Amino acid sequence: MWLHDFIQLIYPQICPVCLNSLAKNENQLCTACLFSLPRTAFHGLSSNALEESFWGRLPVKHGTAFLFFEKKNRTQQILHEIKYRNNRELGIYMGRLFASELRGSSFDTVDGIVPVPLHPKKLHQRGYNQAELIANGMGDVMNKPVYNNLLVRNIYTTSQTRQGRYERWENMEEAFALNEQMRVQQKHLLLVDDVITTGATLEAAGQHIAAGDNSISVASLAYTYL
Ligand SMILES: [Zn+2]
């Protein structure tokens, strides 16, 4: 279609992973990159490393991640695009893709989705919460409500990379609070984040949801083996 070619000429749509131009029938990622994403397939296993990493820390019913994160791999490029290059469409798209993979798995039983909130200061800097974009895409495909305001974030946490897990946890513990006005109770909620490394953020956020008499599952777009 000439209109597509015309738009492509002015605003070329490129695949953020391989930087090739997208074909007319491609959206966000080119077909080759789409098929070669480093998928974890965790949701098809009876137990997985991500779920096990929460044992004794947070009562997680089911845990999964869509992609393995490695430095300089496709996942890092996608995350970079979503977090730092204002590519909100890609965030929603990846959430939709993730949820499509989860169809027919134990994640069908969740009642709602809760994105991990950003601190207001960071939200102001970035203009959007990438976890919320992913959650919205997932909610769309799973046909579940997304509770964007159930959790609130209090403290601005910085320079966490130099701290150990315990210090990080101590720092994170008070970082979240439950929005009491929401009164979501006895629900199975899926806590969603963009990337899991130590799990400290999800652990801290999840404590508040569990305290509100809800059960928790966790899903992250990317997962890093430590
Ligand atoms: Zn590509």
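This is a predicted model: local features need pLDDT of at least 70, side-chain atom pairs count only at pLDDT 80 or more; totals for chains, interfaces and linings use all residues.
Colleague: Why are helices α4 and α5 called oblique to each other?

Modeller: The axes of α4 (residues 74-84) and α5 (residues 88-102) cross at roughly 130°. Angles over 145 degrees count as roughly antiparallel and 65 to 115 as roughly perpendicular, with the rest, apart from those under 35, as oblique. The pair is therefore oblique. The crossing of α4 and α5 is left-handed, and the axes come within 7 Å.

Colleague: Which residues make the contact, and how do they divide by class?

Modeller: I78, E81 and I82 contribute from α4, and L90, G91 and M94 from α5. By class, four are nonpolar, one is polar and one is charged. Gly counts as polar and Glu as charged.

Colleague: Why is K72 called exposed?

Modeller: Exposed means over 50% relative accessible area. K72 has 75%, so it counts as exposed. K72 lies in the loop between β1 (60-68) and α4, and its phi is positive, about 65°, although it is not a glycine.

Colleague: What makes A41 partly exposed?

Modeller: Its relative accessibility is 43%. Buried is under 20% and exposed over 50%, with partly exposed in between, so A41 counts as partly exposed. A41 sits in the loop between α2 (31-35) and α3 (49-52).

Colleague: What is the phi of A41?

Modeller: The phi of A41 is near 55°, a positive value in a residue other than glycine. Most residues other than glycine have a negative phi.

How values were computed: Residues are numbered from 1 along each chain as its sequence is written. Side-chain values use heavy atoms; hydrogens and water are left out. Axes are lines fitted to C-alpha atoms, for helices over the stretch in contact, and angles run from 0 to 180 degrees between N-to-C directions. Helices (H or I, at least four residues) and strands (E, at least two) are DSSP runs, numbered from the N terminus. A crossing is left-handed if the near helix is turned anticlockwise from the far one by less than a right angle, and right-handed if clockwise. Contact means heavy atoms within 4.5 Å. Buried means under 20% relative accessible area, exposed over 50%, partly exposed in between (1.4 Å probe, protein chains only).
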